[in-house]
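Please find below a short note for a colleague who is meeting this structure for the first time.

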Amino acid sequence: VDSMGGEDVDEVGEATDALNKALSYDGVSHAAASAARKLVDGAQCFLFVRDGEKQQRLKPLFPSTSESISTGSGLLGYVVTTGNDEVIGCARLHRLFDEVVDCHGRIDPSQPQAVLAVRDPRRKVIGVIQIVGKGRDEGFEEDEVRRLERIRRAVEDAVARAAEMEKMQQEVFNHKQAVLEASAEVEVLKMRIKEEVEIGEREKGGVLRLVGAVRNLMLEKENIGLIRFGEAAATSLLDCEKANIWMVDEESEGGGLWTFEEEKRGGMVLRHKGGEGILGHVVSSGKSVRMGGGGGMDLSSGFDVKVDSGFKTTGLLCVPVWEQAGRITGKRNGLLPGKVVGAVMVQNKAGGAEFGEFDETLLRMLGDFVALGMSNVALNERAEMLSGELQKEFAGMNERIEELLAGKETLEAAGEIMRAEEDG
C-alpha cells in the first residue's frame with residue numbers, strides 16, 4: 001500500500017480478478033496474459049510449468065504451441081533452477097541468454113524481459129512467468145515490476161488451484177473407467193451363470209446379491225460405513241459366520257492395516273502389524289489364501305487375527321483388495337505391479353464346508369467394488385478439502401482487498417490534508 005497509489009490498487013485488483021477465479025491451466029494462462037496487458041504497457045505474458053513426467057523440461061501453458069523446453073539453459077532455465085528472478089533491459093545482452101529457449105520463436109531478443117519464478121504452496125519452484133515488453137526500447141520501471149510481482153503472486157495461487165483440479169479430474173476419470181470395467185466383470189459372470197448349467201442355485205443367488213450389494217457400496221461416503229456394509233455383504237454372499245475388511249494404513253510404517261469392529265465396546269478401530277501372518281502375506285504378495293474347512297480343522301491356535309479371542313476358526317478365505325486405478329494400468333495382466341490397498345477375510349462357511357473357487361471369485365469381485373468405494377470416499381474427501389481451501393483462499397483474498405481499499409482511503413485522506421495545507 002505504501003508503494004502503490006489508490007488508482008494502482010483498483011487497477012491491479014481489477015486486472016487480477018480473473019486470475020483469482022481461474023480453475024484450469026488454460027484459464028490461468030489467458031487470465032495472466034490479460035492481466036499483464038492491462039497493467040504494463042506493451043506486455044506479452046508466457047507461462048511455463050515443470051512437466052509432470054519430465055521434471056527437467058518446462059511445459060508451456062500459452063496457446064499455439066505444445067513443445068516443451070529444457071531447464072538446462074537460458075534465462076528460463078536459470079530462474080526455474082535457482083528461483084532467482086531476472087529483470088533485464090535487453091534480453092540478448094544477458095550472459096545466460098539462449099535465443100532458442102528464451103525466445104521460443106515468438107520474441108524479439110532485443111526486447112526487455114522479466115522472468116519471475118512461480119512457486120507452489122511449499123515454496124518449491126514449479127515454473128516461470130515470462131513478461132516481454134513488446135515494441136519497447138526501454139526496460140521495465142520500478143512500479144511496473146511491482147505490478148508484475150502482484151501478477152506473479154496471483155498466478156501462483158491460480159496454478160495451485162489448477163493443479164488440484166487437474167489431479168482430481170484425472171482421479172474422477174480413472175474412477176469412472178474402473179467402475180465400467182468392474183461392472184463389465186459382473187455382466188460376464190451373469191452370462192456365465194446363464195450358460196453353465198453346473199453352477200448351482202446358491203451360486204446364482206450369490207451373484208444376484210453381489211449385484212445388489214455393489215450399488216450400495218458405491219453410495220458410502222466414509223470408510224467406516226464402507227467397512228460395515230462390505231462385511232455384511234461378504235457374510236451374506238459367502239454364507240459364512242464372520243467377515244472383516246482391512247485397509248492399508250498409508251501413514252503407518254511397514255504397511256500396517258486397520259479395520260472397524262462395531263461389536264467391540266460400541267465400535268473401535270483395530271490394527272494389525274504389516275507383513276505378519278495371513279493378512280501380511282496376502283497384502284504383500286497380492287495372492288489369495290484358502291485354509292481349513294471340511295468341519296474338522298481348528299485354526300484358532302495359530303490364527304494371526306484374533307479379533308474375537310473366543311472365536312473358533314475352522315476355515316478361512318482371504319483375498320487382496322487392489323486399488324481401482326491399477327485395473328486400468330493392466331496390473332491383472334502383469335504389465336505393471338499395481339498396489340494392494342487392503343484385504344477381505346471371511347471365516348467359517350456354513351455347515352463346516354470349504355470355501356471353493358467360486359467363493360473366491362465372488363469375494364475378489366466384492367473386493368474390487370470395495371476398492372472402488374475407497375476411491376469414491378477419497379474423492380469425496382478431496383472435493384470437500386478443496387472446497388474448504390478455496391473458501392479460505394477467497395476469504396483471504398477478500399481480507400487483502402479490504403486492507404488495500406483501507407490503505408487507498410488512508411492515502412486519499414492524506415492527499416486531502418496535504419492539499420488543504422497547501423491551500424491554507
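The points below concern one group of strands and several salt bridges in this predicted model.

1. Strand β5 spans residues 113-119, and six of its seven residues are buried. The strand is thus described as mostly covered.

2. Strand β5 has a partner in strand β4 (residues 86-88): the two run antiparallel and are joined by three bridges. Within this pairing, E86 stands opposite V115.

3. Strand β5 also pairs with strand β6 (residues 125-133), again in the antiparallel sense, over seven bridges.

4. Because E156 belongs to helix α6 and R123 to the loop between β5 and β6, the contact ties together parts 33 residues apart in sequence. E156 is buried at 10% relative accessible area, whereas R123 is partly exposed at 48%.

5. Helix α6 (residues 142-195) supplies R152 as well. The side chain of R152 meets that of D85 in a salt bridge of 3.0 Å, N to O. This pair links distant parts of the chain, 67 residues apart, with D85 in the loop between α4 (74-82) and β4. R152 is buried at 13% relative accessibility, while D85 is partly exposed at 32%.

6. A further salt bridge joins R136 and E144 at 2.9 Å, N to O; both residues are buried. Through shared partners, salt bridges connect R136, E138 and E144 into one network.

Terms used: Residues are numbered from 1 along each chain as its sequence is written. This is a predicted model: local features need pLDDT of at least 70, side-chain atom pairs count only at pLDDT 80 or more; totals for chains, interfaces and linings use all residues. Side-chain values use heavy atoms; hydrogens and water are left out. Buried means under 20% relative accessible area, exposed over 50%, partly exposed in between (1.4 Å probe, protein chains only). Helices (H or I, at least four residues) and strands (E, at least two) are DSSP runs, numbered from the N terminus. Two strands pair if DSSP finds at least two bridges between them. A salt bridge is a side-chain nitrogen of Lys or Arg within 4 Å of a carboxyl oxygen of Asp or Glu.
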